[in-house]
Amino acid sequence: MPSVFNKSLHEPVWMDVHARSAMAVPEQVYAWLKDPASLTRRVTDACEGCFRVRVRFQGWGKALNSETRLLQLGLREICLIREVELLCNDEPQVFARTLMPVSSLTGAARQLAQLRNKPLGKVLFADSHTRRKQVQIARFLPQHKSFQSAVSHLREVPEELWGRRTLFLYAGKPILVNEVFLPTLVDRVPGPHRV
């Protein structure tokens, strides 16, 4: 599979987390992007106050072009899309968008459709059989859908954001988790590998 996918107006260009072009990522952000641990746990540890998850949207929809390819979806296959914010003291630190194909929500993975305000990371990392298949990173700009969703609460909108997406196998089923890191986290807390 190529390390860079075709461009789209609504999504950034994705690259493998260890690609040579990843060297352009600011060091503070890259430490967060490449960290293999549970992001929920890392944000909780960095939060000197109340951590919680706020669900912004959950419903059925279509994946974006590169997501369809990564999840190997049929042209008409839909996903359960869940968009949340990870909050510290009610201030968003991370915007996350998870895609769960209909075909993945069977067996033990059915519980993922009923998470409500429970962090997805707690479920994924609690199961020793969960596997990371692929991790990609990208620079998000104002024309990208996830950028607009991530910064909708900010008074001062940054010129760019960085994020990653991880293709997990949970109960043997593919789940795609997109995470956009906000300045409230990366500008305030040293990256996990520098703590």
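Two bridges join strands β1 and β5, which run antiparallel. The model is predicted: local features need pLDDT of at least 70, side-chain atom pairs count only at pLDDT 80 or more, and totals for chains, interfaces and linings use all residues. Residues are numbered from 1 along each chain as its sequence is written, and side-chain values use heavy atoms, without hydrogens and water.

**The sheet**
- Strands (E, at least two residues) and helices (H or I, at least four) are DSSP runs numbered from the N terminus.
- The open sheet has seven strands in the order β1-β5-β6-β7-β4-β3-β2, with antiparallel pairing; two strands pair if DSSP finds at least two bridges between them.
- β1 (15-16) and β2 are the edge strands with a single partner strand each, so one side of each has no neighbour in the sheet.
- Met15 has Ile137 of β5 as its bridge partner.
- Helix α1 packs on the sheet and touches β5, β6 (161-170) and β7 (173-181), contact being heavy atoms within 4.5 Å.
- The direction of α1 makes about 10° with that of β6; axes are lines fitted to C-alpha atoms, for helices over the stretch in contact, and angles run from 0 to 180 degrees between N-to-C directions.

**The cores**
- A nonpolar core is a set of buried Ala, Val, Leu, Ile, Met, Phe, Trp, Tyr and Cys residues joined through side-chain atoms within 4.5 Å; buried means under 20% relative accessible area (1.4 Å probe, protein chains only).
- In the largest nonpolar core, of 27 residues, Ile137 and Phe181 touch the most other members.
- Elements that each supply at least two residues of this core include α2 (39-46), β3 (79-88) and α6 (183-186).
- α1 gives the most to this core, four residues.
- Apart from this core lies another, of 13 residues, among them Leu105 and Tyr170.

Conventions: Buried means under 20% relative accessible area, exposed over 50%, partly exposed in between (1.4 Å probe, protein chains only).
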